[in-house]
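Please look over the model below. My notes follow as numbered points.

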Amino acid sequence: GEARRAQLQQAQDQLARRGAVLVAHYYTDPLMQELAEISGGFIGDSLEMARFGAETEASTVVVAGVRFMGETAKILSPNKTVLMPTLAAECSLDLGCPPDEFAALRARHPDRTVVVYANTSAAVKAQADWVVTSSIAVDLVAHLHAQGEKILWAPDQHLGRYVADQTGADMLLWDGACVVHEEFKAQGIERMKAVYPEAAVLVHPESPKPVLALADRVGSTTQLLKATQDMPQQQFIVATDRGIFYKMQQANPHKTFIEAPTAGNGATCRSCAHCPWMAMNQLDALMQSLQGDQQEIRVDPELRERALVPLRRMLDFAA
Ligand code: 13P
Ligand code: SF4
């Protein structure tokens, strides 16, 4: 309505005054995604967000997502100011992989090539040979496997297992998980498929193996969004954060999107399929952050230099 439009306009004006461009992840509030659209910003998966942040001309980038996304932008563009609506937006994968514990594991396996998921702190990335996102994990590990390399993988165990299954690579896995994707239940999805037999099942690879086994398509957020346009089905059961329904519905106004269940009996809970940290990216927080530098991402310069190496490799590999 009217209030919504006024709020968006106000936020857009504030972005313009600060000369800032907004980069949002699909899991953020529809209002945040709409602001990115109308203000000439960008919405994407974590790889595309990194790429956009590195390439934009703007001197200030506002990252609506979780902290590792802001850090990645800063590492790739140290001369830009990187703001976030809130620096408190964490990720359970990042939290579950403390840099010192990771260093200890790495030290025990010096023969393994270290591949870390983008959902990690700068201090973990600084210890990696490669950084990957879900959109290129299978391709990169297949490439390393073909060269005879053994992998140390962190932190998402489900994505790691999926990549190992797809490539046949020897992968030692950290035991982290995403609090959102780990909750989807295969039994519930099976029941839902019985109700919607025509529906295709779309699954993000951070989901457990029994859920991945039911997928018609596995992929990053952007790859799942593309699948809704490429696949002939009119109904989709979607096992990823419900924030993505905004773009899926927008791209396919006549198709139906159903949230995959987080309980075996087919029920869903209100907050299960939504990342609590992505949810912190509200418009009022964004406007506050634009007024100062309280929510500015800073990365230690020495750490930054080391983390840049595997991040650059990721972008070059994906190019
Ligand atoms: P994507 O790389 O698919 O955007 O995933 C990021 C993420 O945090 C998924 O939970
Ligand atoms: Fe991390 Fe999961 Fe949230 Fe993505 S959805 S940011 S992986 S906790």
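1. I237 touches I189, M192, K193, Y196, A199, V201, I258 and A260, leaving out residues up to four places away in sequence. Contact here means C-beta atoms, placed from the backbone, within 7 Å. I237 sits in strand β11 (residues 235-239). Helices (H or I, at least four residues) and strands (E, at least two) are DSSP runs, numbered from the N terminus. I237 counts as buried because it has 26 C-beta neighbours inside 10 Å. The cut-offs on backbone-placed C-beta atoms are: buried with 20 or more others within 10 Å, exposed with 12 or fewer, partly exposed in between.

2. Some ground rules. This is a predicted model: local features need pLDDT of at least 70, side-chain atom pairs count only at pLDDT 80 or more, and totals for chains, interfaces and linings use all residues. Residues are numbered from 1 along each chain as its sequence is written, while chains are lettered from A and ligands numbered from 1 in the order in which they are written.

3. Overall form. The protein chain has 15 helices and 12 strands. Its C-alpha trace spans about 55 × 50 × 30 Å along the principal axes. For 319 residues a compact globule would have a radius of gyration near 20 Å, and the protein chain, at 19 Å, agrees. That radius is taken over C-alpha atoms, and the globule rule is 2.2 Å times the number of residues to the power 0.38. Buried residues make up 49% of the 319. Among contacts with a separation of 6 or more, 64% join residues 24 or more positions apart.

4. Core. The largest nonpolar core holds 96 residues. Such a core is a set of buried Ala, Val, Leu, Ile, Met, Phe, Trp, Tyr and Cys residues joined through C-beta atoms within 7 Å. L22, V23, V62, V63, V115, V132 and L202 touch the most other members. V115 is in contact with A128, D129, W130, V132, L140, V141, I151 and W153, leaving aside neighbours within four places in sequence.

5. V211 is in helix α11 (residues 209-212). V211 counts as buried, with 26 C-beta neighbours inside 10 Å. Beyond four places in sequence, V211 touches F184, A186, I189, V203 and A239. V211 and V115 are 96 residues apart in sequence and 24 Å apart in space, C-alpha to C-alpha.

6. Domains. The bounds come from an automatic or database domain assignment. Domain 1 is 2-89 + 278-298, domain 2 is 93-173 and domain 3 is 181-259. The C-alpha centres of domain 1 and domain 3 are 27 Å apart. Their contact takes 10 residues from domain 1 and eight residues from domain 3. On the domain 1 side, α2 (30-38) and β2 (42-44) give two or more residues. By class, that side has five nonpolar, three polar and two charged residues. Ala, Val, Leu, Ile, Met, Phe, Trp, Tyr, Cys and Pro count as nonpolar, Asp, Glu, Lys and Arg as charged, and the others, Gly among them, as polar.

7. A residue is near a ligand if its C-beta atom, placed from the backbone, lies within 6 Å of it.

8. Ligand 2 has 14 residues around it, and C91, S92, C178, V180 and C275 are the closest. By class, the shell has 10 nonpolar, two polar and two charged residues.

9. Check the cis bond. The peptide bond from A154 to P155 is cis, with omega near -10 degrees. Most peptide bonds are trans. P155 lies in the loop between β7 (151-154) and α9 (157-167).

10. Q187, in helix α10 (residues 186-195), is partly exposed because 15 other C-beta atoms lie within 10 Å. P301, in helix α15 (residues 301-318), is exposed, with 8 other C-beta atoms within 10 Å. P301 and D111 are 190 residues apart in sequence and 28 Å apart in space, C-alpha to C-alpha.

Technical notes
Two residues are in contact if their C-beta atoms, placed from the backbone, lie within 7 Å.
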